[in-house]
Amino acid sequence: MPETVFKAQPIQIRYVCDKCGKAEMMPTPGGKPILTPQGPLIPHTCGNKFCGEVKGFHVMYPVTTFIRGRALAPDEINVVFPPKEVIKTGDNIG
Ligand SMILES: [Zn+2]
């Protein structure tokens with residue numbers, strides 16, 4: 001399959017505490033990942049200091065990712081990748 005280019009919009013996913021519902025779960029400062037067969041669990045702590053909920057996640061919240069939009073037509077792409085002119089290394093060696 002050839003490369004295709006899509007528009008993308010950045011989004012951020014936050015995890016609100018299951019226990020109090022008032023604050024986000026954030027990575028626990030100094031927390032060490034817990035190794036599991038499914039991958040490391042990253043300890044998070046509720047941002048509500050009166051809650052104290054601690055929970056492990058396989059991702060580090062908040063997660064920044066992208067929503068993929070429509071594919072761009074070739075005439076809409078003004079970024080050339082890969083470069084049209086390939087610099088051949090080694091031509092000047094010898
Ligand atoms: Zn909480």
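**Exercise 1. Find the residue of β5 that stands opposite Ala8, then describe how the strands pair.**

Step 1. Ala8 stands opposite Arg68 in β5. The model is a predicted one.

Step 2. Look at the strands themselves. Strand β1 covers residues 6-13 and pairs with β5. The sense is antiparallel, over seven bridges.

**Exercise 2. Locate the cis peptide bond and place its proline in the chain.**

Step 1. The bond from Tyr61 to Pro62 is cis. Its omega is near -5 degrees.

Step 2. Pro62 sits in a loop, with β4 (54-57) on one side and β5 on the other.

**Exercise 3. Decide whether Gly30 is buried or exposed.**

Step 1. Gly30 belongs to the loop between β2 (25-27) and β3 (42-46).

Step 2. Count neighbours. Within 10 Å there are 6 other C-beta atoms.

Step 3. Apply the cut-off: 12 or fewer means exposed. Gly30 is therefore exposed.

Step 4. Gly30 and Pro43 are 13 residues apart along the chain, and their C-alpha atoms are separated by 9.3 Å.

**Exercise 4. Summarise the whole chain.**

Step 1. List the elements. There are zero helices and five strands. The pattern along the sequence is β-β-β-β-β.

Step 2. State the burial. Of 94 residues, 5% count as buried.

Step 3. Residues 24 or more positions apart account for 57% of them.

Note on methods: Residues numbered from 1 in each chain as written. Predicted model: local features only at pLDDT ≥ 70, side-chain atom pairs only at ≥ 80, totals over all residues. Helix = DSSP H or I, 4+ residues; strand = E, 2+ residues; numbered from the N terminus. Buried ≥ 20, exposed ≤ 12 C-beta atoms within 10 Å, placed from the backbone. Contact = placed C-beta atoms within 7 Å. Pairing = 2+ DSSP bridges.
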